[in-house]
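I opened this entry to look up ring pairs, the nonpolar core, charged pairs and the overall build. My notes follow in the order of the look-ups.

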Amino acid sequence: MATIQECRAALDRLSDNLAGADGDVRGAAALDRSLSCHITDLDVTFTGRLEGGRIRVDALTPGPPRAKAEIRLAMSGDDLLALVDGRLKFAKAWASGRVRLEAGFRDLLRLKSLL
């Protein structure tokens with residue numbers, strides 16, 4: 001089982017990957033939105049913002065998200081690590097229910113290039 005520190009490091013790597021992306025991926029990541037990532041097996045939530053093509057983590061809180069972020073993710077810590085490491089494809093994980101992504105319709109359309 002992934003640790004909180006490993007999950008935080010994975011979010012930092014994901015942020016670096018988004019910042020270095022080109023084309024459609026860079027455009028999709030250029031949103032300015034509040035973001036939460038609930039790590040279900042650890043029952044903690046990272047909250048912050050997606051802005052300027054980067055993920056900025058502002059807080060770690062126990063339990064599910066306390067406020068409704070504009071972009072909401074939920075998954076196990078191991079799935080987060082696998083996604084960031086490229087061992088798990090987001091579209092497959094989302095379709096199978098291993099990863100939950102909730103956002104407004106327009107944001108989902110923009111984010112689909114990340115999938």
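**Aromatic pair.** I counted two rings of Phe, Tyr or Trp (its six-membered ring) as a pair if their centres lie within 6.5 Å. I called planes under 30 degrees apart stacked, those over 60 edge-to-face, and the rest tilted. The model is a predicted one.

How many aromatic pairs does the structure hold? I found one. The ring centres of phenylalanine 90 and tryptophan 94 are 6.2 Å apart and the planes stand at 50 degrees, so I logged the pair as tilted. Both residues belong to helix H4, which spans residues 90-96. They sit four residues apart, about one turn of the helix.

Phenylalanine 90 has a relative accessible area of 17%, so I noted it as buried. Tryptophan 94 comes to 34% and is partly exposed.

**Nonpolar core.** I looked up the largest nonpolar core next, and it has 29 residues. The residues with the most contacts inside this core are Ile39, Ile71, Leu73, Met75, Leu80 and Val99. Among the elements that give two or more residues to it are helix H1 (4-19), strand E1 (33-39), strand E4 (71-75) and H4. Which element gives the most? I wrote down H3, with five residues.

**Salt bridges.** Side chains of opposite charge can pair when their charged atoms come close. I found 10 salt bridges in the structure and looked at three of them.

The side chains of arginine 33 and aspartate 107 meet at 2.9 Å, N to O. Arginine 33 is in strand E1 and aspartate 107 in helix H5 (residues 105-111), so this pair ties together parts that are 74 residues apart in sequence. Which state did I note for each side, buried or partly exposed? Arginine 33 is partly exposed, at 23% relative accessible area, and aspartate 107 is buried, at 8%.

Arginine 56 and glutamate 51 meet through their side chains at 2.3 Å, N to O. I have arginine 56 as partly exposed at 35%, and glutamate 51 as partly exposed at 28%.

The side chains of arginine 87 and aspartate 85 form a salt bridge at 3.2 Å, N to O. Arginine 87 is exposed, with a relative accessible area of 61%. Aspartate 85 is partly exposed, with 44%. I also noted that Arg13, Asp85 and Arg87 are linked in a network of salt bridges.

**Overall build.** I logged five helices and five strands in the protein chain. From the N terminus on, I read the order as α-α-β-β-β-β-α-α-β-α.

A compact globule of 115 residues would have a radius of gyration near 13 Å, and the chain has 13 Å, which agrees. The C-alpha atoms fill a box of roughly 35 × 30 × 25 Å along the principal axes. Of the 115 residues, 42% count as buried. Among contacts between residues at least 6 apart in sequence, 60% join residues at least 24 apart. I put the accessible surface at about 6,300 Å², with 53% of it belonging to carbon and sulfur atoms.

Key. Residues are numbered from 1 along each chain as its sequence is written. This is a predicted model: local features need pLDDT of at least 70, side-chain atom pairs count only at pLDDT 80 or more; totals for chains, interfaces and linings use all residues. Side-chain values use heavy atoms; hydrogens and water are left out. Buried means under 20% relative accessible area, exposed over 50%, partly exposed in between (1.4 Å probe, protein chains only). A nonpolar core is a set of buried Ala, Val, Leu, Ile, Met, Phe, Trp, Tyr and Cys residues joined through side-chain atoms within 4.5 Å. A salt bridge is a side-chain nitrogen of Lys or Arg within 4 Å of a carboxyl oxygen of Asp or Glu. The radius of gyration is taken over C-alpha atoms; the globule rule is 2.2 Å times the number of residues to the power 0.38. Contact means heavy atoms within 4.5 Å. Accessible areas come from the Shrake-Rupley method with a 1.4 Å probe; for residues, only the protein chains shown count as cover.
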